[in-house]
Amino acid sequence: MLVKNSSPNKFGDSIELFIESGYALGLLRRLSYAGTKVLGLEEYKILQLEREQLLYPFDYPETKAYSELAKKSGRNLVNEYCKKPPMKRLNFSKINSPWPFKSDWGMLEGEMVNVLISMSRRTPAELCYICEPEEGDLDVDSVEENTNSETFAKLSFSVKDYNKDREEIFHEEASKASANDPHKLSKADMDLDPNLKILNRTTLAVTTGVKMKRKIIGYITSGGYSMYRGYGIGKGCLQKSSVQPGPAEQFVLIRNPSSTLYFKAKIEKVS
């Protein structure tokens, strides 16, 4: 079966081939011999982004396929994060970033809509927060998040070996105690310490203890720098109640989970 892909800007126009199982490899070899260019998934995602087209399941967070993909991807990010030495890890709890590994779509209110995002000064990326601006936010270059200076956790909690990491943190904190201090840290005290921020193994959320400065109304599902347009673009989902009706331009704030700054971005609904 042949499916023709076309877009208004004629970028990435192509034909998709759907072949019966068992015959794809032989056809792929013949097409490669004929001089066709074989694209990987990442290249295909870039083409779909340039064409402003949604791609299943990456841009459909309400589906089961996306949930399974996001869970697997989030665990991989956590494992990569825990491979770094403690002093080289970004303290997400301290910068008040609760969802650096996996987006929390359950916190959004009501129905969701897909939007296209464009930024002139920054490049939107997957997992970035889409936040609701407050009065005066759109008149400045950026808005800075409130950091949690009291947090001293380094988030050494690996999904793969959670209990082992808890023991390592316990010994690390115990070694910091003064030799003259008769009170030694116990594992029970560490578990009850309200200042220790831990990573939720199920939701992959970072407990910050401080509310974010701006309300999250959505997340970016894919993004990057557009070579065709010359600025950063992305695709995302946000709650329908936050989208203004009519053709008027609407702006939101975008924040990268690893940053403390919110930047202005323009959004428009996917037609």
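I began with Phe92 and Phe101, and found both of them buried in this predicted model. I then turned to the aromatic pairs as a group, of which the structure holds seven.

Entry on Tyr66 and Trp105. I looked up the geometry of this pair: the ring centres lie 6.1 Å apart with the planes at 75°, so I recorded the pair as edge-to-face. Tyr66 counts as buried because its relative accessibility is 8%. Trp105 is also buried, at 13% relative accessibility.

Entry on Phe92 and Phe101, revisited. Their ring centres are 5.5 Å apart and their planes stand at 75°, so this pair is edge-to-face.

Entry on the cluster. I followed the ring pairs and noted that they link Tyr66, Trp105, Tyr129 and Tyr219 into a cluster.

Entry on charges over rings. I found the charged end of Lys45 over the ring of Phe58, 4.4 Å from the ring centre. I also found the charged end of Lys264 over the ring of Phe251, where the distance to the centre is 5.3 Å.

Entry on the surface. I noted a nonpolar patch formed by Ile15, Leu17, Ile19, Tyr23 and Leu31. Together these residues have about 470 Å² of accessible area. I placed Ile15 in strand β2, which covers residues 14-17. Ile15 has 56% relative accessibility and therefore counts as exposed, the cut-off for exposed being over 50%.

Notes
Residues are numbered from 1 along each chain as its sequence is written. This is a predicted model: local features need pLDDT of at least 70, side-chain atom pairs count only at pLDDT 80 or more; totals for chains, interfaces and linings use all residues. Side-chain values use heavy atoms; hydrogens and water are left out. Patches are made of residues with over 30% relative accessible area and no salt bridge: like charges are joined within 9 Å, nonpolar side chains (Val, Leu, Ile, Met, Phe, Trp, Tyr) within 5 Å. Accessible areas come from the Shrake-Rupley method with a 1.4 Å probe; for residues, only the protein chains shown count as cover. A salt bridge is a side-chain nitrogen of Lys or Arg within 4 Å of a carboxyl oxygen of Asp or Glu. Helices (H or I, at least four residues) and strands (E, at least two) are DSSP runs, numbered from the N terminus. Buried means under 20% relative accessible area, exposed over 50%, partly exposed in between (1.4 Å probe, protein chains only). Rings of Phe, Tyr and Trp (its six-membered ring) pair if their centres lie within 6.5 Å; planes under 30 degrees apart count as stacked, over 60 as edge-to-face and the rest as tilted. A charge sits over a ring if NZ of Lys or CZ of Arg is within 6 Å of the ring centre and within 35 degrees of the ring normal.
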